[in-house]
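Hi everyone, thanks for coming. Please have a look at the structure on the screen, and I'll walk you through a few parts of it.

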Amino acid sequence: MLTRRAAMFSAAVATFMLATPCFAAELNLPREKVELVAPPFVHAHEQATRQGPKIMEFRLVIEEKKMVIDEKGTTFQAMTFNGSMPGPLMVVHEGDYVEVTLVNPATNSMPHNIDFHAATGALGGGALTLINPGEQVVLRWKATRTGTFVYHCAPGGPMIPWHVVSGMNGAVMVLPRDGLNDGHGHALKYDRVYYIGEQDLYVPRDEKGNFKSYDSPGEAYADTVEVMRKLTPTHVVFNGKEGALTGKNALPAKVGENVLIIHSEANRDSRPHLIGGHGDYVWETGKFSNAPETGLETWFIRGGSAGAAMYKFLQPGIYAYVTHNLIEAAELGATAHFKVEGKWNDDLMTQVKAPAEIPAPNTN
Ligand SMILES: [Cu+2]
């Protein structure tokens, strides 16, 4: 059934498409084809660049597929960009053009599109990219603002939240051409960069309270919307699955390295916290035209945005990176681990006395 809101949205799309001559002007700029990689990793890129603006070419293939989302083996009818939840991080520089080929293979069951928060133009490109299974489309937009920004599917009306919480979201990082800085003229460089995409999931249960499994997204839709409307996720996970970034999947780093963490949440608020570490420089809203905050304990990611935090690890060990709603971290899945190698600094922390029995009170 088409709701009033969905009808209004569709009308807005139709008006926009009629009113806007859509042509691809030729740009006389060099092109660079980027091979995207699945999160938490980020494709190779320059931090600062001496080159002029380019057309950066990306290819996103939409995959509707069943994924396992927790350690109990719960399955989920996911919708994804390039097969991962979240989709890959795309990195460009201010003034570059992002040219995305969006592919909706005939094996999919639904129309999809893409709305880039970093882009300027109606619906973030959503109206120009709506494609049916068996179609592909090419969108180009100019990266005029620096920062980290979410992208997500937005095919209209009630389809929008459902596709987003089914996994169709990711992030773009637009770097200043001369790289990151601390807001006081000092350049900041990272030795490693990781992309952590937080995802709230709403999985229906059967009468016995067990998670239900479905054969297609369409079959899961009605039950899933009921769970979504309660606004209480059954899972809050990093990178698509409980445990995706813990244990053997822990993110490696070394003492002395600056690590940049991009954290997105396309639908819901989050509070990243690195247990035992800090945010040396945090662009909480993710926008590099603002000076970063320094020395933070916990920061805030507004639903529908991506933030960036840089930290130089000073001690070795396993660091948990969580959302500091600890119920979500420990019970719903939102925990990652950094595995840091290096030399321990006793000056920063030491165990002065090992655990021992409490001494008996001196009665003399
Ligand atoms: Cu979609």
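Let's begin with two neighbouring strands: strand 8, residues 147–152, and strand 9, residues 169–175, run antiparallel and are joined by six bridges. If you want a spot to look for, find Val150, which stands opposite Ala171 in strand 9. Keep in mind that this is a predicted model.

Lys287 lies over the face of Phe149, 4.5 Å from the ring centre.

Next, the metal. Which residues coordinate the copper ion? The donors are His112 through ND1, Cys153 through SG, His163 through ND1 and Met168 through SD, at 2.0 to 2.5 Å. The angles that these four donor atoms subtend run from 88 to 132°, and that makes the arrangement tetrahedral. For comparison, the ideal angle for four tetrahedral donors is 109.5 degrees.

Along the sequence, the donor residues follow the spacing H-x40-C-x9-H-x4-M. Cys153 sits in the loop between strand 8 and helix 2 (159–165), while His163 is in helix 2 itself, so this pair ties together parts that are 10 residues apart in sequence. Are these two buried or exposed? Both Cys153 and His163 are buried.

My last topic is aromatic rings. The structure holds 12 aromatic pairs. Take Phe41 and Tyr194: their ring centres are 6.2 Å apart and their planes meet at 65°, so the pair is edge-to-face. Phe41 lies in the loop between strand 1 (31–33) and strand 2 (55–68), and Tyr194 in strand 12 (residues 192–201), so the two tie together parts that are 153 residues apart in sequence. Phe41 counts as partly exposed because its relative accessibility is 46%, whereas Tyr194, at 3%, counts as buried.

Another edge-to-face pair is Phe313 with Tyr319, at 4.9 Å centre to centre and 75° between the planes. Both of these residues are buried.

Finally, ring pairs link Phe41, Tyr194, Phe238, Tyr311, Phe313, Tyr319, Tyr321 and Phe338 into a cluster.

Methods. Residues numbered from 1 in each chain as written. Predicted model: local features only at pLDDT ≥ 70, side-chain atom pairs only at ≥ 80, totals over all residues. Heavy atoms only, no water. Pairing = 2+ DSSP bridges. Helix = DSSP H or I, 4+ residues; strand = E, 2+ residues; numbered from the N terminus. Donors = N, O, S within 2.8 Å, 3.2 Å for Na, K, Ca; no water. Tetrahedral: all angles 85-135°; square planar, octahedral: opposite > 155°, others 65-115°. Buried < 20%, exposed > 50% of the residue type's maximum accessible area, 1.4 Å probe, protein only. Phe/Tyr/Trp six-rings, centres within 6.5 Å; stacked < 30°, edge-to-face > 60°. Lys NZ or Arg CZ within 6 Å of the ring centre and 35° of its normal.
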